[in-house]
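Work through the following exercises with the structure open. Each task is followed by a solution in steps.

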Amino acid sequence: MSKTKLATLLFVALIGIGILGVLFGSVPLLISEVWAALTGNGQEAHRDIVVNLRLPRILLAGFVGGGLGVAGATFQALLRNPLAEPYILGVSGGASFGAVLVLSTGLAVTSSWTLPLAAFAGALLAIFLVFRIAISTGGAMDVRILLLSGVVIAAFFSACIAFILSISPARTVQSAILWTMGSLAGADWNRVIIAGAYTMPAAAVLISLARPLNLMAIGEETAYYLGANVEGVKRISLVVAALITAASVSVAGVIGFVGLVVPHTLRILVGSDHRGLLPLSFLGGATFLIGADFVARLVLSPIEIPIGVITAFIGVPFFLVLLRQSTVTE
Amino acid sequence: MQRQHLAIAVILTLATGCDNVVWEGLELRLQPPISPATVERNRSTVSNIILVDATGLEVTLQEPAQRIISLVPSATQTLRALGVIHTVVGRTDFDIENWVLDIPSVGGGLEPNFEDIIALEPDLVVRFAGDQDPQTKSRLDELEIPQIAVRPDRLTDLYASVRLLGKATGTEPSADSIVASIKNELADLQRWTSEKPKVHTAYILGGSPPWVAGPNSYIDEILALAGGRNVFSDLGFLYGSVSPEQLRVRKIDVVLISDRSQFDPRLTPGSRIEEIGNTLELPGPNIAETARHIARILHDDRVR
Amino acid sequence: MRFETTDLVIKYPGQNRPALNSVNMSAPSGSFYAVLGPNGSGKSTLMKGLLGIAKADQGRALIAERNVSNWDRKALARVIGVVSQSETVSFPITVREMVGMGRYPHLGPLEGEGSEDKVAVHEALEVCDVTHLVNRDLSTLSGGELQRVRIARALAQEPMALVLDEPTSSLDIKHAMEILELLKQSVASGLTVILTTHGLDLAARFSDRMLLLSEGQVAAEGTPDEVVNEEALADVYGWPVKVEWEPTTGSPRVTPLRS
């Protein structure tokens, strides 16, 4: 499939699912009521729902999904591994740790920012630790050591979390588990603005590194010989991708599969040229997550299913089908 | 308020011959209705007890239980109300009342510490019915310790478990008394609330998306007894996370939350928010007290 | 362009002796220059030193009379095409995309390929005789085809020199000869070619000059006649050999004798 064709398709899908997400929700509203709400008329409760709940939620899903998509593609290139995904460097472990710490001390709702900030701080801690370990073995950053240290740090935070939960009351355990399963329900305009202000420039930085990333995906030595600033590109792209992931996790919890399935699927469809793959991963991730959130909100309405469940249920079979197709056509 | 309170106490006293249903705040302090000496005397005349517990299991005791380990907090409360708290040698971490602190804990109700249980040499263990913890049942069977299961959640189950515990401890008259008094209090409450309009309410346990109580739960039952209508009685599940949109669109007069720090009031503009601690999470023989307390809150009629 | 080293010393951490110990060599511009020696003699290290990837502990490596450490990495990529020993590609990629990467040193960050880039790629594909493979995925190619594609990528850079690390080691006679003839052709069109290899016979047949390394030091440097002689080889490889010169091809045949 050609890249432009896919891009148009994705763009249309994005707009489409976005509109659907505003029109439909847990509370059934007529199209006329939604329109009224958007134009400043209509009942106050409807305005509240459409403008303060649904709209920010769609946008947040878009930014988080897009961020995870582009970060996932970047990690796959840097680690030269199609199975890499954004949480591979222990980011989710660190973020969860920060969140659980705050939940267990009851500080969680001193302000609506405490939890996301704690999660972000935890994520930063994980990134810092992983990088320290990988760099400590000499000047150059060895990506295999990076991977290993990511696994180790993730396990460490897992253990810390388990410990805290073992001495916590049931309510804390429940909150912690629900948080880690991911949810966009806390979306409000503040979070949207912060997520957007963070994700868009970061994604732009990564996209500008598309060429060197193409080279890095072949091999660091080859990339060097073809003129890429290997160390510089590695550090910038790893840090930026890790920070996008940290930001996503802190506002939406740990939402899996987006960063793995979306870039990998797109790779099968349009190849590995990152100049196209990265922007498409952003679009694809955004569309996917908005769609998954849509399903999560509506399938068992008024109950909401944790979004991580939906991304797995949709992502895995979809990916398997594509994998099958690609091996068959070869 | 005090007068109404007193009036109820007087009426009940006269009606049932109980001399005390003392309401101290949210904790029930159901005093035993019969003097301890009488209780002991009655117990000593009982023998060869055949029990059928909440799971239909038949257990025979030669004499009333003397060393009981209660893995169910509401059973502990019931045993106290029956006047036999001195026979309780073990309880769980979830028993939190002051009067229980002297009794050693054996850990959690669902996965208790078996070493502690064995060391206490019980002659009866009271556990939760249901299969969250099949291990406990089978291990008690292995150790040949008599066990009975109770289901303390709903009103009907509660009456059955009070009677069961009464039989197991040779205090059946007290048990009947307690059941009667609860029924009376609830009837009274019913009369009071029937004169008031129904209050639309919801019990929210916090979280994002917010976790609410649905139909057929203990909480739902209390809310109904208290003259409230649970706006989430159409939920297909006992509990569930609901979209914040639902909180906006359903008119909730009073939002009940256990902990103000877990709940963002902006989710329910226009509703009165009342923090009630874990009152609604500890079912037990104090159900009538709890219902009355909630009723007062819902109808904005509290003792201030 | 000329490649040379002056008293080059390169040490790897944790090793007793330096990988390269005061090596002096010179590959003249436009020559076919082969570097030989047993395993561990320092062939790959010399390549890395010449390309600036391994830093000199003492001495210097010069490319076109300029110290390697003073060369801008991207500028170097515009004039030298490198084919390293092996690459593992974990992603689907076509031959066309692979060879196209050779143009990266000439392009800006998001710049697309222009017409001259397309021409360069096309020519490289032709010269390496892989045009018929353009849309194939790399994973479907044979060893020989893959090697030609990598050389095509290096040629697409429109370099002045090619540096190859053991380009024929895993190839059969046919494919090895194809590669060597291709490289000879490149030299004929003006490029300098430096390669490391184990194949003494073929190296001597195709090279203009050779370097024989032993334990990080120069054992011999010069024309094939000068380097391929029985004393030097026996000394370096630690095994007695007989050298016979083939009259028809002008290449030597080196036969290991019984110990």
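**Exercise 1. Helix H7 of chain A**

Task: State which helices the buried residues of H7(A) pack against, and identify those buried residues.

Solution. The model is a predicted one.
- Step 1: The buried residues of H7(A) have helix H4 (91–104) and helix H6 (143–166) of chain A as packing partners.
- Step 2: Within helix H7 (residues 170–180) of chain A, the buried positions are Ser175(A), Ala176(A), Leu178(A), Trp179(A) and Thr180(A).
- Step 3: After H7(A) comes Gly182(A), with a positive phi near 85 degrees.

**Exercise 2. Helix H9 of chain A**

Task: Determine how many residues of H9(A) are buried, and describe how H9(A) packs with H13(A).

Solution.
- Step 1: A residue is buried if 20 or more other C-beta atoms lie within 10 Å of its own. Nine of the nine residues of H9(A) are buried, so this helix is largely enclosed by the rest of the structure.
- Step 2: The buried residues are Ala210(A), Arg211(A), Pro212(A), Leu213(A), Asn214(A), Leu215(A), Met216(A), Ala217(A) and Ile218(A).
- Step 3: They pack against helix H3 (44–78), helix H8 (189–208), helix H10 (220–225), helix H11 (230–252) and H13 of chain A.
- Step 4: For the pair formed by helix H9 (residues 210–218) and helix H13 (residues 274–298) of chain A, the packing angle is about 110 degrees and the axes are 8 Å apart. Because of that angle, H9(A) is roughly perpendicular to H13(A).
- Step 5: H9(A) contributes Ala210(A), Arg211(A), Leu213(A) and Asn214(A) to this contact, and H13(A) contributes His274(A), Arg275(A) and Leu278(A). By class, the contact of H9(A) with H13(A) comprises three nonpolar, two polar and two charged residues.

**Exercise 3. The six-stranded sheet of chain C**

Task: Give the strand order of the open sheet of six strands in chain C and name its edge strands.

Solution.
- Step 1: The order is E6-E7-E8-E3-E9-E10 (chain C), and the pairing is mixed.
- Step 2: Strand E6 (80–83) and strand E10 (217–222) of chain C are the edge strands, each pairing on one side only.
- Step 3: From one strand to the next, the twist averages 15 degrees.
- Step 4: Strand E7 (residues 161–165) and strand E8 (residues 192–196) of chain C run parallel and are joined by five bridges. Opposite Leu164(C) stands Leu195(C) in E8(C).
- Step 5: Helix H1 (residues 43–51) of chain C packs on the sheet, where it touches strand E3 (32–36), E6, E7, E8 and strand E9 (209–214) of chain C. The direction of H1 makes about 150 degrees with that of E7(C).

**Exercise 4. A hairpin in chain C**

Task: Describe how E11(C) and E12(C) are paired and what lies between them.

Solution.
- Step 1: Strand E11 (residues 241–245) and strand E12 (residues 252–256) of chain C run antiparallel, with five bridges joining them.
- Step 2: Val243(C) has Val254(C) in E12(C) as its bridge partner.
- Step 3: The two strands form a hairpin with six residues between them, and Gly250(C) in the turn has a positive phi of about 75 degrees.

**Exercise 5. Sheet and domains of chain B**

Task: Find the edges of the open sheet of four strands in chain B, then describe the contact between domain 1 and domain 2 of chain B.

Solution.
- Step 1: The strand order is E6-E5-E7-E8 (chain B), with parallel pairing.
- Step 2: Strand E6 (88–90) and strand E8 (147–150) of chain B each have a single partner strand, so one side of each lacks a neighbour in the sheet. The twist averages 35 degrees from one strand to the next.
- Step 3: Two bridges join strand E5 (residues 68–70) of chain B to E6(B); the partner of Ile69(B) in E6(B) is Gly90(B).
- Step 4: The domain assignment of chain B gives domain 1 (2–184) and domain 2 (194–299). Their contact takes 17 residues from domain 1 and twelve residues from domain 2.
- Step 5: On the side of domain 1 of chain B that touches domain 2, H3(B) gives the most, with five residues. By class, that side has twelve nonpolar, three polar and two charged residues.

Terms used:
Residues are numbered from 1 along each chain as its sequence is written. Chains are lettered from A and ligands numbered from 1 in the order in which they are written. This is a predicted model: local features need pLDDT of at least 70, side-chain atom pairs count only at pLDDT 80 or more; totals for chains, interfaces and linings use all residues. Domain bounds come from an automatic or database domain assignment. Two residues are in contact if their C-beta atoms, placed from the backbone, lie within 7 Å. Ala, Val, Leu, Ile, Met, Phe, Trp, Tyr, Cys and Pro count as nonpolar, Asp, Glu, Lys and Arg as charged, and the others, Gly among them, as polar. A residue is buried if 20 or more other C-beta atoms lie within 10 Å of its own, exposed if 12 or fewer, and partly exposed in between; C-beta atoms are placed from the backbone. Two strands pair if DSSP finds at least two bridges between them. Axes are lines fitted to C-alpha atoms, for helices over the stretch in contact, and angles run from 0 to 180 degrees between N-to-C directions. Angles under 35 degrees count as roughly parallel, over 145 as roughly antiparallel, 65 to 115 as roughly perpendicular and the rest as oblique.
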